[in-house]
Amino acid sequence: MTTRPLHRWADTLASASGRLAPACALLALLVAAPLAGSVSAQSVRTPRVAIAWDRFYDYDGLVELCERLAASRPELCTLSSIGASHEGRRMPLLTLSNPQTGPAEGKPAMWVDGNVHGNEVQGSEAALYLAWLLLERHGELPELTELLDRNVFYILPTVNPDGRQHWFDDPNTSSSSRSGVAPLDNDRDGVADEDGPDDLDGDGEILMMRKRVAPGTGSYRISPDDARVLEFVPADKRVEYGADYLMLGQEGLDNDGDGRVNEDGIGGYDLNRNWPSDWQPDYIQFGAGDYPFSHPESAAIGAFILAHPNIAAVQSFHNSGGMILRGPGSRAREGFYPDADRRVYDAIADEGVQIIPFYRALVIYKDLYDVHGGFVNWTAEGLGIISFTNEMWEDRQYFADGTGAADGGGGAGGGRGGRAGRNADTLKQLEFDDRLMFGETFVDWHPVQHPLYGEVEVGGFRKMTRRVPPAFMIEEMLHRNAAFCIYHASQLPRLSIAAPEVTPGPDGTQVITVEISNDRWIPTRTALAADKGIGRPDLVTLEGESLEVIAGGTGADLFDLTRFDAVEHEPARLRLDGGIPGHGSVRLRWIVRGSGAFRVRVDTRSAGTLAATGTL
């Protein structure tokens, strides 16, 4: 096997041929060295699976990493496939569970996925890093051991394997190869995929184009601060300032002769717009598809999640902007987030912004933009699952001082979108490139012949910038996002049941009182699920061979044994429509006749079962 060199920025991509490079020294030193003295043999830990986390892996690389992780701890991890993409790539799923502590279907579960959009590559590594961390440290770190013993993790590293592979294989910008790859006539001219970006200089990058013109006839001039940057000149100042450049947009040609450039590239469906909740047709929400679940990837994921009602937490990884997002995706859906559920979201997200510096806890429609038919909107609003999307990586992390390139700041010099008025951001990015990356992230402007414009200049930031971190910062990003997942999963419902209290009742009866508690934030049934009747309610049954249940109900009063909310039918089988609240409890009471042993059994959809026994 050969390994790609890592001395160039673009080579932080690891292809199938380079995916098994040795892990860096930091990876091997997972246990901290003593504060003083030399590093002892006991302080150095050799990982079971050594993975280099300073790069991104193509599809084959991801699959092999999944295979290695599953093989490393077969007693805790299984590898399966939930379906195939449009181009036939299998979608690998890792299931992490400890069968020694009970069957997977009887435990609270968390779904984690990434790489929903093909170019948003680091979501895959984040999902895999979480799996790796849980498997590596199970049996060593008590917190992670207990987490995996109590819960189940369903981890899908790549939702969009086709878009990911095209991002690796083809010339792209940091924002292209977003969609799935089923042919789509984006410009509605009767031909699909006929006008994508063109790599005019053959360097594997889609950069920006600019053209020098006579002084005063352009709309931009060279920035006096940096010759690599153009600054916009207002129309009334162009002659005075000698504006001598035009910005021509992305590197490309008008392949179909319709007067537009790069408007009909590969594919065009969006795997974050194809879900049932608030789905809107394509003319309202671009990329939505013909109907919810119309794409093979979303159909496979939807079928799996619907077949696993124990999933009570969802985490989906995107990039970028440094956000911990929750729904709704549109203002009209605000009512789908009752106050009780908002408190849970806020508690988890507030912890998240402490775990991941420079990230903000935001609401999708309010703080980002409208999303109809989004994945976490479906899992939250359609299924009543506490769901987050992390937009991984924030440009301010380049500088660690809160004054970085903000939300990407393309600037006129050819960054993300080439927007005018962002020169300060572009200059800051270039400073980072000069001082820490030694010129690797920026392609200097150079002449290229264009069939329409003649000689133009091509240059700008490479695709491996802006939306993804530099190689030396990848592992910290992965670890912090995995730590947020771990905190989110630690808030899956954890139930306990107190020993039943038996007291004398009226007319020779006996009164059984039981309290069931949940010491985590996530309830066994969210307020949304209760309000909308999503899924089945929790059930609590009282059983005993010599038992006659006269009455039963919830809301048992602490002091008056005769006060509780009695049900009319089946008093031995009580429904908890509101579930067991986070950091709360429910008190149940029965009035019975009989003698001998009895059992109280709690059966929940998202937190398994538990029981307590007593004697009359």
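Where is D278 found? Good morning, colleagues; I shall come to that residue after a word on conventions.

The structure is a predicted model, in which local features need pLDDT of at least 70, side-chain atom pairs count only at pLDDT 80 or more, and totals for chains, interfaces and linings use all residues. Residues are numbered from 1 along each chain as its sequence is written, and side-chain values use heavy atoms, with hydrogens and water left out.

To the opening question: D278 is found in the loop between β10 (245-250) and α7 (296-306). Helices (H or I, at least four residues) and strands (E, at least two) are DSSP runs, numbered from the N terminus. Most residues other than glycine have a negative phi, and most peptide bonds are trans. D278, not a glycine, has a positive phi of about 60°. With a relative accessible area of 14%, D278 is buried.

W393 is not a glycine either, yet its phi is positive, at about 85°. W393 counts as buried, at 1% relative accessibility.

Which form does the bond from N319 to S320 take, cis or trans? That bond is cis, with omega near 5°, and S320 lies in the loop between β11 (311-319) and β12 (323-326). G327 and P328 are also joined by a cis peptide bond, with omega about 5°. P328 has its place in the loop between β12 and α8 (339-355).

Methods:
Buried < 20%, exposed > 50% of the residue type's maximum accessible area, 1.4 Å probe, protein only.
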